[in-house]
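Please examine the sequence and the model shown here before reading the report.

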Amino acid sequence: MKLKDLIEALAGEVERAQPQLAASLGELAAREVDDPSFLDAFDRYSGQAQRMGEAAGLAGFPGLQAVCAHVEQNCLLLTVTPPPEREAFVRFLRDWPALIVDHLRNLEDPSTAAGLVDHLRAAPVPMEEEAALKVMHMLGAMPLQVTSVAADDAPRRPLAATPEDVAIELPTDVDAHLLEGFFQEAPEQARELVALARRLASLAVDGADPRDAAEDLVCARRIVHTLKGSGAIIGLRGIASLGHHLEDILEHVERDGAKVDRAVAETLLDAAFCLEQMISHALGADDAPGQAQQVLQAVLDIANRIDRGEAVDALPVREAPMRDTANGADSRAARASSVPQVVPGAAMRVAVQRIDELFRVCGEVSVHSAAMEARLKAAASAAKELMSQNLRLQKRLFELETLVDVRALSTMRARSRRDSDAAFDPLELDQYSELHGTSHALMEEAADARTMAARVEEGIAQLAALQARQQRLARDMQHLVMGTRMSEVGTLESRLQRTVRTSCQATGKEARLVLEGARTLMDGDVLNRLGEPLLHMLRNAVDHGLESPQERIDAGKPRMGTIALSFARQGQQVVLHCRDDGRGLDLPAIRRRAIERGLLDASRHPGDEDIARLVLLPGFSTRDTVSELSGRGVGLDVVREWVGQMNGTVRLFSRPGEGCTIELRFAASLATVQTLIVEAAGQRFGVPSAQVEQAVPRGVGEFAALGGELTYRHGDRVHPALRLVDAVGLPVDTSRSLSECDAVVVRVDDRVYALAVDRLVDARELLVKSPGRYARHVRGVAGLSVLGDGTVAVNLDLQQLLGSRARPAVQGTERSEAPRPAQRELPGVLIVDDALSVRTFLRRVVQDAGYRVEAARDGIEAIDALRSFKPRLVLTDLEMPNMNGVELTSHLRRRDDMKEVPVIMITSRSQDKHRRMAREAGVDEYFTKPCSEGELLRAIRRHVAA
């Protein structure tokens, strides 16, 4: 059925339903709510409106579907409105069907759509202005839909399937982030497609009403369209090819009244199973489908019959579905030779929030283990003290017993001399007093107490051994959990290579990127955040560092420049070097620009290192013109800001004519930080070990005043110094001499300082927690950590505390004094596509080319995004839910603020009718998936520069 005929049928259906709606409305106006006649009339009226909305949605008219939904909303309020107050509802519910019929019969007249929307705005429960505007645009796009699909251009299609058409080998340079997004979405989509295909096959066997299959067809076509686009972007040709032809069949069946013949349904089911197995094979969870070529051939046969205009309802039904004819061992061997490079083994998807919570619990276990260790040490010390006390008590009791015996013996002998008749010595008659018995009993009790204390000490020692083992296990568990967060640097390589390539295309230079240490591990969150600074460094190396090919030849260098990125782990730190073999930094030009901007006094002559660091300041650039790659002064400033957030360091080394090297040092993980714990003014602080050069105990170095400034001399080196209590704002203990302070030598912004602290406490790996919303803006506080003894240590952000002191040779280096160009100066691009993998791919390509990007899933989300984002260009798909690309383009061309914005459509539809429909809507350029990155970027640059 043609679209025009479908609209006429829909108008006739609404027109025929008007008498029934009017009769039901009469009952609704007069009856009480609890009257059974009222409830029956309500069910008939609301049910009719709901069916009309569903029919409009299936026909592809979301505007009419929204109208029916708003009618249902107003109808529902009749159930809580007494009869005398229903007049406004009755008037609204009486007139809307006629307005819909008038609009469908006169699509070319824009006043019909306006009248219908005005009626919705005047309803007892009026439609909101924003929603009404969207409905108006969707209704206004209907004439364009009718005129654009009038022609029936048959696409060219192969007649025979080849093994190359069903190939599902992953490309070696596949983007890991795109692959991750595909693996997250595709399995669930494939399972849903199989379920829909099974239902369609069941309906075909039962000979059910075709209308029962209409909704399943729409959903299946949408899923196949998404899988096809994702497969094309990833490079899985088999999924893209099978999905492309399968989508055409589904579109034909949907257009033909949703009548699915049994043979077609069986082929659709085989194709769905084949797509599911292809995706499972790409995941490494199944063998390659050996029946893929046979399934594709069956799909091609049906699609070609449709292209020729032949009927597909007389195809023979196969007795049995297609089976996987591949040899299992061969298939597994083939998969073992290719797939494990991307998917090394069985994997399980776990939410990032769950991993973060697990990591938090591991950190808490470590903290409590340290607290238990401190308590056990205290208990062991108390047990030793108890043993010492018992020994002293035993000694006193021994002295007491001796004294009692001596005194008792003297007394008895004196008495015996007075009693001359005594025949026996007093000792022979065992003449002991009660004092003797009590002293002996005390000695025995003391001995028993000493034995018990020894047992307690032995038990504490055994418990300490168990605790030490538990602490080792907790540390191992923490490292294993940290491993789940770790990612290899090599996952960024394809993105970085693409950035260098596009930068060279934009500048006319030639360069190759060499990545060293690709297997270096770091926290996945750190790696994701590292992407943007790396892109700026590479663009800067291409645009500012490397010479043009002719200049390099004239200088005796190879025509193609080399940029080397090297990664290495040093303990808990990552050391990154970005080297190029270009011209090096133009230090005289940097100095002149600094003087022009007032950042440097012309009378001052700082060293080359200080001048080189000027390129890290916000808004600083030596270029007089602004291009896509340079001139805005936001490149290396982003690098410096990122390193500051990571409590790391950045250094620059340059030699004229030989190139420039940028060195970054930062922590490999954000969750735990190797920290030096110090004490000042009774408070404990954590200093990131990445910024600590040396911790020096008192007596080794010397603090002294030199020229009115505090300095610290250690060996042959003299560093500027300050008290830590002064830096953090705590009161200074004037009674404490600097000679009684320990020193911590730190490096901040490539400057070395010595901090005077009261005591060096410990060095350990700490779990850093957020200080909370009330303290997150406190200057110099990076987070809080709970120590083993229960005290809280404040983790310091030395970049904030000492950053303003770090460049004494340069004026105006505070961020507030060096205005940074607004981010809005970067051209903005709006990407609209319903497939996550396509959005991710386009976002990375466009961002890497130097543009700001916003993304939306469909036209409705895109319109919402335009409230706060003003793009210079729009990239949109054709087929999307809610509002497709044609409707979105029509909406943009009607807006005063967007009608001049270029629109590029990227779709898998290559037929002339789709191109004509896009052109009539106002699309400037039309690309078919998969499109060339270079051609797309050239088109973007051309339209943005226009």
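## Basis of the report

This is a predicted model, in which local features need pLDDT of at least 70, side-chain atom pairs count only at pLDDT 80 or more, and totals for chains, interfaces and linings use all residues. Residues are numbered from 1 along each chain as its sequence is written, and side-chain values use heavy atoms, with hydrogens and water left out.

## The chain as a whole

The chain contains 28 helices and 23 strands. Helices (H or I, at least four residues) and strands (E, at least two) are DSSP runs, numbered from the N terminus. Of the 946 residues, 48% count as buried; buried means under 20% relative accessible area, exposed over 50%, and partly exposed in between (1.4 Å probe, protein chains only).

Contact means heavy atoms within 4.5 Å. Among contacts in the chain with a separation of 6 or more, 72% come from residues 24 or more positions apart.

Ile590 belongs to helix 19 (residues 587-596) and counts as buried because its relative accessibility is 3%. Ile590 and Ile611 are 21 residues apart in sequence, and their C-alpha atoms are 6.9 Å apart in space.

Asp758 is located in the loop between strand 15 (751-757) and strand 16 (759-767). With 18% relative accessibility, Asp758 is also classed as buried. Its side chain reaches the backbone nitrogen of Ala681 at 2.8 Å. Leaving aside residues up to four places away in sequence, Asp758 touches several residues, including Glu679, Ala681, Arg698 and Arg736.

## Helix 26

Helix 26 (residues 885-894) is mostly covered, as 8 of its 10 residues are buried. Among them are Gly885, Val886, Glu887 and Leu888. Asn884 caps the N-terminal end of this helix, with a side-chain oxygen 3.1 Å from the backbone nitrogen of Val886.

## Helix 24 against helix 28

Two packed helices are described by the angle between their axes and the distance between the axes. Helix 24 (residues 836-848) and helix 28 (residues 933-945) pack at an angle of about 60°, with their axes 11 Å apart. Helix 24 is therefore oblique to helix 28. Angles under 35 degrees count as roughly parallel, over 145 as roughly antiparallel, 65 to 115 as roughly perpendicular and the rest as oblique.

In this packing, Phe841, Leu842, Val845 and Val846 of helix 24 meet Glu933, Leu936, Leu937 and Ile940 of helix 28. The residues of this contact divide into 7 nonpolar, no polar and 1 charged. Here Ala, Val, Leu, Ile, Met, Phe, Trp, Tyr, Cys and Pro count as nonpolar, Asp, Glu, Lys and Arg as charged, and the others, Gly among them, as polar.

How values were computed:
A polar contact is a pair of N or O atoms within 3.5 Å; within protein, one must be able to donate a hydrogen and the other to accept it, and residues adjacent in sequence count only if both atoms are side-chain atoms. Axes are lines fitted to C-alpha atoms, for helices over the stretch in contact, and angles run from 0 to 180 degrees between N-to-C directions.
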